[in-house]
Amino acid sequence: MGWKLKEQLRQQLARETGYYVYPAGGRIRFALTYPNSYFVGMSNLGLHIVYRLLNQRKDTACERVFCPEKRQQAEYVKTRIPLLSLETQTELNRFDIVGFVVSFEMDYFNILTMLELGKIVPLAKDRSNMDPLIIGGGPCATFNPEPLSPFFDAFIIGEGEVIMPAFMDVYHEMKAQGADREAILQALAQVPGVYVPSVHKLEQGSGQVQRQWLADLDAFPGETAVYTEDTEFNLHLVEIARGCGRHCRFCMAGYCFRKPRNRSLEAIEKMLVKARDSGRRVGLMGAAISDYPEIDQLCKEILGDGLSMSVASFRADSVTQELVDSLAASGLRTLTMAPEAGSHRMRAVVNKGIEEEHLLNAMDMGIKAGIKNFRLYIMIGLPGEGPEDIQGIIDMACRLKDFMEEHKAMGRLTLSINPFIPKPFTPFQWEPMAPLKYIQNSLKQITTALKKRHNIEVIAESPRDAYIQAFLARGDKQAGEVLWQAHQNGGSKAMKSVLKDQGTKLEDYVSQPLPIDELLPWEVLDMGFTREYLLKELAEAKKPEPAHTIKCFDGCKRCGVCK
């Protein structure tokens, strides 16, 4: 039974290079699990970093598991075999530890599906000594693990390179002593950066679990570990920086991954060797590639080595002609920028620090390099937004398209529009989402107005999905219970009806501000800065003319992360 599923996994593995396989026995078995498809998961650099980190230990065998596509899920149900790993086609419930990489709220539903397919007891309180330890890490686990806490035994709060070595050392020591599940969790709860919901019976706000971060990026490689053609980014990914110090008030990454850190040019050059050997394009990863202090020199070295390149993101106020020329020479056809808002006032509210002149300057660089298409990331429903700000998005798009046409760039201008979602540990964590009708009407207004212009495209995320993300992003343990019921009733589409049965509307839940004088579920964690700092930034955002909070700098002590 299940030969077809096993053969599919073997064929997938045969198309890879760089994976690890160890003989059975002698090592703790760790399933590194990504709650989305193989195609998506293999583009996640964090998965590659942790996979290499664990497999380079002499006591651990780490294998990967991905969420099967719908047709494969049906095959698992039909054959009644548990979800299988990629490397050795081992049943998920036979691993010692199952670690989920949790990057997106909508993947929470896939986590429950994978536990079910893996025949793992879903609720942590019901597991015995015979069951795997279920842990979670990644951005969502770091900023608010509470909605997932009914299902997970422990969470990694912060960056894996710092926490996982100590975590695995303690786990191995306790197993060698023959400790039971409860004793192991008690011991793991003492590891800095490990949150164990069953042990940490903390009062909210105590912040006794402190986020851990890697001070020296050069101490660990940050590059692709396994090559495959079957992925969203068929690149040799290279992380050149981590964290962001730009202080955008809506951005969780800018707060939970402080302080901003850069790899040395020498360390990056070492990681380019594998790109050269593999013949793959280099994918530079970081919060804002153009903020890397030696970006021009790096571009010269990449192209000088006969390589081509792509970037995760850049900022229009720090982009250079060298970077744009290098991207164009590498085959880039669309330049992407993220003004987030159309009016100067709203960009000041969110502390974006980008003005229209920066966008025009970046466009000019792109056009000179032969790039004809441009994309803008925009948010609507931001705190304090009004009708004039929606009109500002339309007006800005038209001015930018005029600029393109004046400079003979006859390509497409795409607006990628997403509703604002309040995230924990940001100044806007207390703010409500805009009402659903407002978001829908604003999208309609923008789309209708820009239809009149040739070669302007508007694409938008589902407002209803954004509401579910907001519910889970700011949820507590009770949100986890709702998640469980929705999963049992069909998944994300059942979330609204589950809440309705409880006498609550999803829209009412996310469209209300959170009381500032109440402690929040995620304040069981400590990100290194105080809520007073966040409140100060929120108060600034609410001023008629918000002052700009300048980016992080050496010696800065404002937020408290750099003690």
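Predicted model: local features only at pLDDT ≥ 70, side-chain atom pairs only at ≥ 80, totals over all residues.

Reply: At 5% relative accessibility, Ser290 counts as buried, and its place in the chain is the loop that runs between strand S11 (282-285) and helix H11 (295-304). The side chain of Ser290 reaches the backbone nitrogen of Arg315 at 2.8 Å, and it also makes a polar contact, at 2.7 Å, with the side chain of Ser318.

Most residues other than glycine have a negative phi, and most peptide bonds are trans. Against that background, a cis peptide bond joins Arg258 and Lys259, with omega at about 5°, and Lys259 lies in the loop between helix H9 (252-256) and strand S10 (261-262). Lys119, although not a glycine, has a positive phi of about 55°; this residue is found in the loop between helix H5 (108-117) and strand S4 (133-137), and at 47% relative accessibility it counts as partly exposed. Glu340 is likewise not a glycine and has a positive phi of about 70°, but Glu340 sits in strand S13 (residues 334-340) and, with a relative accessibility of 10%, counts as buried.

As for the cysteines, the structure holds zero disulfides. Cys248 is buried, with a relative accessible area of 9%. Cys562 is also in no disulfide, the nearest cysteine sulfur being that of Cys559, 6.2 Å away, and Cys562 is partly exposed, with a relative accessible area of 26%.

Finally, a search of the whole structure finds one cavity of 30 Å³ or more, and the volume of the largest cavity is about 50 Å³. Among the residues that line the largest cavity are Met42, His48, Thr224, Tyr227, Phe233, Asn234 and Arg280, and its lining divides into six nonpolar residues, five polar and one charged.

Methods:
Residues numbered from 1 in each chain as written. Heavy atoms only, no water. 1 Å grid on protein atoms, 1.4 Å probe; cavity = no way out; pocket = protein on both sides within 12 Å on 5 of 7 lines; lining within 4 Å. Points joined across faces, edges and corners; volume = space filled by probe spheres on them. Nonpolar A, V, L, I, M, F, W, Y, C, P; charged D, E, K, R; others polar. Disulfide = S-S within 2.5 Å. Buried < 20%, exposed > 50% of the residue type's maximum accessible area, 1.4 Å probe, protein only. Helix = DSSP H or I, 4+ residues; strand = E, 2+ residues; numbered from the N terminus. Polar contact = N/O pair within 3.5 Å; in protein donor to acceptor, adjacent residues only side chain to side chain.
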